[in-house]
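Here are some exercises to work through with the sequence and the 3D view side by side. Try each task yourself before you read the solution.

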Amino acid sequence: MKTKGIVTGIVSNLVTVKVDGPVAENEICFIDLGGVKMMAEVIKVNGDSASVQVFESTRGLKGGDKVEFEGRMLEVQLGPGLLSSVYDGLQNNLATMENVFLQRGEYTDPLDRKKTWDFTPIAKVGDTVMAADWLGEVKEGWLPHKIMVPFSFEGEYKVKSVKEAGSYTVDTVIAVLTNDMGEDVNVTMVQKWPVKIAIKGYKEKPRPNKIMETGVRVIDTLNPIAEGGTGFIPGPFGCGKTVLQHAIAKQGDADVIVMAACGERANEVVEIFTEFPELIDPHTGRHLMERTTIICNTSNMPVAAREASVYTAMTICEYYRAMGLKCLLLADSTSRWAQALREMSNRMEELPGADAFPVDLSAIISNFYSRAGMVVLNNGQTGAVTFIGTVSPAGGNLKEPVTESTKKAARCFYALEQNRADQKRYPAVGPLDSYSKYLEYPEIIEYLDKTVEKGWVDKVLLAKNIVRKGKESAEQINILGDDGVPMSYHVNFWKSELVDFVILQQDAFDAIDALCPLERQRFMLDLVLEICAKEYEFEDFEKCREFFKNLINELRQMNYSAYESEQFWSYNENVKSMIA
């Protein structure tokens with residue numbers, strides 16, 4: 001029998017409920033407001049009183065209104081049809097809602113129940129299976145969507161029957177399994193899973209051992225992110241966080257992309273809706289939206305739903321990871337998610353931490369980031385969830401709590417700098433403040449030595465050192481003037497500019513320069529380091545500046561030329577003759 005309760009207190013969307021039975025934290029309940037059922041989640045229990053966060057506007061709610069508890073956590077439906085869809089944080093399908101805005105108490109079905117899918121069986125009668133094992137597959141676009149034993153199943157099951165190849169709806173029973181008690185269990189194409197709990201269903205979770213190519217030089221060359229790794233992009237407004245995320249989404253080596261807009265302004269989310277359907281996937285030539293799911297919760301949506309959106313997005317990624325696919329999760333921005341946590345914590349009058357954020361903010365962020373990673377499935381195949389979030393620190397302050405807490409959890413740090421953005425040096429990722437801890441992993445070093453070049457990490461560190469020396473020289477030149485420093489200071493500065501203009505800067509709107517394969521990145525870095533290794537003597541700093549400007553121009557033209565074209569190699573010959 002379901003536990004019931006009545007409303008006793010209301011503070012915005014935080015509601016206090018007196019209950020007549022047992023309830024648990026994270027349990028879902030529905031509040032009856034004049035026949036409209038509003039969903040809420042229990043966030044604190046104290047005796048016979050429960051504090052719940054409502055996912056809707058609480059306008060009109062009053063003391064004495066009835067509440068019914070469901071005995072389950074907030075769940076998402078997992079099955080064919082997730083890709084190409086746009087959901088809110090509660091997995092309401094925003095494409096099928098009746099009005100422009102979701103009405104209070106309106107919850108839409110996330111999956112199309114009438115559409116049929118061409119099913120092909122994988123498991124056979126008599127097979128022994130367990131949670132997350134593959135029973136069959138359907139084609140979702142061009143991707144193989146595995147129909148799996150539900151993640152909630154415990155122990156081993158025998159396959160009693162499985163459907164033959166054919167077209168079925170998602171609610172069709174495609175297999176019957178028998179548990180060790182001799183009970184038969186029906187399995188359809190749809191299963192449910194609570195968003196706050198990580199999906200297991202795999203054999204082991206090893207450390208990442210290869211990098212995920214993004215085609216962005218400042219990431220792949222200097223600060224690579226591992227496949228199944230974590231990273232974040234902090235930076236002030238207008239520095240290009242969203243454009244960089246779009247470039248990674250479009251070019252990243254991933255099978256499935258999930259974009260979570262958790263609290264961004266509505267106009268920025270509208271750009272995603274209008275641009276993504278038009279983007280062409282450079283890897284397949286098809287529309288990028290065909291392998292993308294968007295979770296949308298703008299800043300004017302309820303704060304509780306904003307908090308749920310990141311968990312919904314991660315659960316969908318974990319679902320596709322269990323199919324042996326490579327998933328990329330992009331969250332924009334986790335600062336708004338943290339602000340939602342702060343708002344609820346303040347309303348509950350909990351002890352505040354730094355900047356009034358919850359005391360356990362660091363633990364919450366670390367726990368969420370830990371759900372990403374590469375896994376080895378029960379059948380020996382691998383899947384991965386790579387997570388990159390953006391952080392919007394107030395006033396560009398990278399010492400604020402959300403940035404500091406995220407730094408502890410994420411292994412890659414891509415710091416966007418206001419001065420680089422002002423100088424139109426995009427991507428505006430600061431080469432010295434940014435880092436990738438994956439360059440310290442022996443597995444990643446071995447992978448780069450095999451696939452890129454022997455001693456590649458040493459060359460990356462050398463390039464960073466050239467930039468560091470150039471920055472120090474630039475500071476001295478600014479203080480003492482052009483004539484007040486030795487010529488070597490000018491040479492060091494222009495060598496760093498060479499690395500900056502040729503390697504770090506990239507044109508996201510140029511068809512060739514936007515996507516730079518790893519082989520081309522290796523060639524260009526080797527060429528730049530060869531130039532920087534030479535000793536140069538100039539009569540005055542004007543000639544030094546003129547020489548390097550001409551050199552940079554030739555190398556930039558190489559970046560805009562196809563790697564296999566005659567034009568590219570003719571520019572290369574020009575460079576060789578200039579430095580001879």
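We call a residue buried when its relative accessible area is under 20%, exposed when it is over 50%, and partly exposed in between (1.4 Å probe, protein chains only). The model is predicted, so local features need pLDDT of at least 70 and side-chain atom pairs count only at pLDDT 80 or more, while totals for chains, interfaces and linings use all residues. Residues are numbered from 1 along each chain as its sequence is written, and side-chain values use heavy atoms, with hydrogens and water left out.

**Exercise 1. Decide why Ser51 counts as buried, and find what surrounds Ser51.**

Step 1: Locate the residue. Ser51 belongs to strand β5 (residues 49–54); helices (H or I, at least four residues) and strands (E, at least two) are DSSP runs, numbered from the N terminus.

Step 2: Apply the cut-off. Ser51 counts as buried because its relative accessibility is 16%.

Step 3: List the contacts (heavy atoms within 4.5 Å). With neighbours within four places in sequence left aside, Ser51 touches Leu14, Val15, Glu41, Val42, Ile43 and Lys44.

**Exercise 2. Work out which strands pair with β3, and in which sense.**

Step 1: Recall the rule. Two strands pair if DSSP finds at least two bridges between them.

Step 2: Look at β6. Strand β3 (residues 27–33) is joined by 4 bridges to strand β6 (residues 66–73), and the two run antiparallel. Across this pairing, Cys29 is opposite Phe69 in β6.

Step 3: Look at β4. Here 6 bridges link β3 with strand β4 (residues 36–46), again in the antiparallel sense. Ile28 faces Glu41 in β4.

Step 4: Inspect the turn. The hairpin of β3 and β4 has 2 residues between the strands, and Gly34 takes a positive phi near 60° there.

Step 5: Check the cover. β3 is mostly covered, with 6 of its 7 residues buried.

**Exercise 3. Compare the span of helix α12 with its expected value, then find what the helix packs against.**

Step 1: Set up the expectation. The expected span of a helix is 1.5 Å times one less than its number of residues.

Step 2: Compare. Helix α12 (residues 518–533) has 16 residues, and from first C-alpha to last it reaches 22 Å, close to the 22 Å expected.

Step 3: Count the buried residues. In α12, 12 of 16 residues are buried, among them Leu518, Phe523, Met524, Leu527, Val528 and Ile531. An α-helix has 3.6 residues a turn, so residues three or four places apart point the same way.

Step 4: Name the partners. The buried residues of α12 pack against α1 (217–222), α10 (456–480), α11 (487–504), α13 (541–559) and α14 (566–579).

**Exercise 4. Find which residues of helix α7 are buried and what they pack against.**

Step 1: Read along the helix. In α7 (residues 401–409), the buried residues are Pro401, Val402, Thr403, Ser405, Thr406 and Ala409.

**Exercise 5. Describe the largest pocket and the largest cavity.**

Step 1: On a 1 Å grid over the protein atoms alone, a cavity is a set of points where a 1.4 Å probe fits but cannot get out; a pocket is an open set with protein on both sides within 12 Å along at least five of seven lines; and lining residues have an atom within 4 Å of a point. Grid points are joined across faces, edges and corners, and a volume is the space filled by probe spheres set on the points.

Step 2: Take the pocket. The largest pocket has a volume of about 1200 Å³. Its lining has 49 residues, and Gly240, Thr242, Val243, Leu244 and Phe509 lie nearest its centre. Helix α2 gives the most to this lining, with 8 residues.

Step 3: Take the cavity. There are 2 cavities of 30 Å³ or more, and the largest cavity holds about 40 Å³. Residues lining the largest cavity include Leu78, Lys146, Pro150 and Tyr319. Strand β12 (residues 143–148) gives the most to that lining, with 3 residues.

Step 4: Sort by class. Ala, Val, Leu, Ile, Met, Phe, Trp, Tyr, Cys and Pro count as nonpolar, Asp, Glu, Lys and Arg as charged, and the others, Gly among them, as polar. The lining of the largest pocket has 21 nonpolar, 12 polar and 16 charged residues, and that of the largest cavity has 8 nonpolar, 2 polar and 1 charged.
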